[in-house]
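The stops below go one selection at a time.

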Amino acid sequence: MNRVTLLFLESGNRNFKKSAFELATIGMNLAADCRGELHAVIMGCGLESKLDELKCFGISKIYYIESAELEYFHVHTYAPALFTLIKEIQPYIVLGMSSVIGKDLFPRLSAMLGVTMVSDCINIECNNNSIIATRPVYSGKVFVKTRFTKGAPYIATLRVNSAEINKIESSGFEVKKIQFIKIEKQQGVLLEIKEGEKKKIGITQADIVVSGGRALKNSNDFSILYEIADIVGGAVAASRAAVDAGCASYDMQVGQTGKTVSPKLYVCFGISGAVQHMAGANGSKLIVAVNKDPDAPIFKYADYGIIGDVYEIAHEIKKMLNS
Amino acid sequence: MRIGVCIKEVLDTNCSIRLNLSNNRVATEGQKHIVNPYDEFALEEALRLKEKNSDVEIITFTIGPERARESIYAALAAGADNALHVVMEDSILIDSLGIALIIQKLIEKEKIDMLLLGEQSTDYSSHEVGPMVAGLLGWAQAMGVSKLEINMESVLVSRETEESNIEIIKLNKSCIIGVTKGINVPRYATLKGIMSARKKNIIRLQIEDLGLNNTELTGLENEKFFYPPEKGNCTLIEGDPKEAAAELVRILKFEERLL
């Protein structure tokens, strides 16, 4: 029996997203565990010249569904096509990312296929014919290892920014182009995409995130964070308290009822470190905390800390970065 | 128009998580439970639709033990018309697909036109149930919805993408809408609402009444829960603001090599 691990690799603006290479690394290891092949499906347009970027992950076959209709992701366009492909090739495992796209697509797909799934995993392994996924739950207070108990396909999505990208020696793959057949009556249609107010890196994509809490009393104080972020090429985020106080917009909120970020560096100013905030930030590789209060819970999570006046220290940091 | 709203009861986020002896379950006995805040947004959105259109009837769906009645009464007090309670002990193993199967049956049984629910629940944060129900029914779906409008033939929603852009999407009227925070601010129940809630009928069901049995409810088994490893000590950087800032930048540039 050929156990194929099928990866859904995300793209946008005619380029693979960074998560595609993270997922390829994860898929490479899992396919080896299963002693099976690694395949990938790509949906979009204008990606043919980019396929070579996928050569160092042991992928042996790529299904490329190309159409102008697929340039922007929309679940009612993508799901039927992906469902048809999976029914035809019958993979053992299907992996995606638990991104905005993945959260739209994979649960719908699983239900259409009549199988369960596990979302937002930080690890997935094949152990003696059992597929076991590990994921954080309850705001990251606890992790759970879950085993699939019924038949294939086994579907899981991986947490963004939770894996290093690792390449092996370059090897070729077969590319199979699949014709996109649009359904006549789609359940939904994407009418318009309005660009966000500021052209900024999304906080969930950024390698460095500079985050502010309620100690930065107004949006003027937040401007120092924007200045620091500009110098280091990072994105600015905020705690719920700062958003509720009107210092920052909701799309900047990190935490249980906001976004989950896992940058290489998370620097937080005046954030107390409540469980609900850390639920969105504790996947960060390195955490630096600046806070006036030596007893603030944030120092339990931080790797480096400075106790002192948040505003003053932020200004000094900006000066040091500029020199 | 019959609008279904999912009301899930979850552990209060301030609770510390305790495990059973075998570490394969989270202990919920004696812990404080609340209505999933995201479901509160969904209910509020349904109540606003009802204010605009008196033809709207709101029916809540809850799956859980007897304890969940408190959450159901809260929803009725806020203004929901009817409630269905699929009674199920915490000990029964069920995954998102199992939940979705139950909700699918409830939607069909109650001839629901549209389902509103939170895009996630604060305990497992799987973001799975909404799209799974849509997939089972073959209905339209939209998740992370921050704005909702219903007109004669269709439903119009706004939601945010990964790149912080806003998508405007048109959906068929039979749809599953997963709302996010920021769509509205839920109202407080009035005293009148609280009093009349206790007089409203909660219809109780078992999964067998829906033609389902326990084996269909899950395809997963939790082998082990474990706590994240304790973080190592935080290195505090000493000195006045200027010295501390200089030392931090030095560490990040030359030791951690992140800048």
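Start by selecting Asp123(B), which sits in the loop between S8 and H4 of chain B; helices (H or I, at least four residues) and strands (E, at least two) are DSSP runs, numbered from the N terminus. This is a predicted model, in which local features need pLDDT of at least 70, side-chain atom pairs count only at pLDDT 80 or more, and totals for chains, interfaces and linings use all residues. Residues are numbered from 1 along each chain as its sequence is written, chains are lettered from A and ligands numbered from 1 in the order in which they are written, and side-chain values use heavy atoms, with hydrogens and water left out.

Is Asp123(B) buried or exposed? Asp123(B) is buried, at a relative accessible area of 8%. Here buried means under 20% relative accessible area, exposed over 50%, and partly exposed in between (1.4 Å probe, protein chains only). Show its surroundings: leaving aside residues up to four places away in sequence, Asp123(B) touches Val137(A), Tyr138(A), Ser139(A), Lys8(B) and Val10(B), where contact means heavy atoms within 4.5 Å. The side chains of Asp123(B) and Lys8(B) are joined by a polar contact of 3.1 Å. A polar contact is a pair of N or O atoms within 3.5 Å; within protein, one must be able to donate a hydrogen and the other to accept it, and residues adjacent in sequence count only if both atoms are side-chain atoms.

Stay in this loop and select His127(B), which also lies between S8 and H4 of chain B. His127(B) is not a glycine, yet its phi is positive, about 55°. With a relative accessible area of 14%, His127(B) is buried.

Next, select helix H4 of chain B, residues 129-137. Eight of its nine residues are buried, so the helix is largely enclosed by the rest of the structure. Among the buried ones are Val129(B), Met132(B), Val133(B) and Leu137(B). The cover over them includes H3 and strand S7 (117-121) of chain A, and from chain B helix H3 (96-109) and strands S8 (114-118), S9 (140-150) and S12 (175-179). After H4(B) comes Gly138(B), with a positive phi near 75°.

Move to the loop between H3 and S8 of chain B and pick Lys111(B). Its phi is near 50°, a positive value in a residue other than glycine. Lys111(B) is exposed, with a relative accessible area of 63%.

Colour the two chains separately and look at where they meet. Select Tyr138(A), Lys141(A) and Tyr304(A): they supply 11% of the area that chain A buries against chain B, more than any other three residues.

Five salt bridges cross this interface, a salt bridge being a side-chain nitrogen of Lys or Arg within 4 Å of a carboxyl oxygen of Asp or Glu. To see a salt bridge, select Arg159(B) and Asp104(A), whose side chains meet at 2.6 Å, N to O.

Turn to chain A and select Asp120(A) and Arg159(A), which form a salt bridge with the closest N and O atoms 2.9 Å apart. Asp120(A) is in strand S7 and Arg159(A) in the loop between S11 and strand S12 (174-179), so the pair ties together parts that are 39 residues apart in sequence. Both Asp120(A) and Arg159(A) are buried.

For the last stop, select Pro153(A), in the loop between strand S10 (142-148) and strand S11 (154-158) of chain A. The peptide bond leading from Ala152(A) to Pro153(A) is cis, with omega near 0°.

Conventions
Buried area is the accessible area (1.4 Å probe) that two parts lose on being put together, summed over both.
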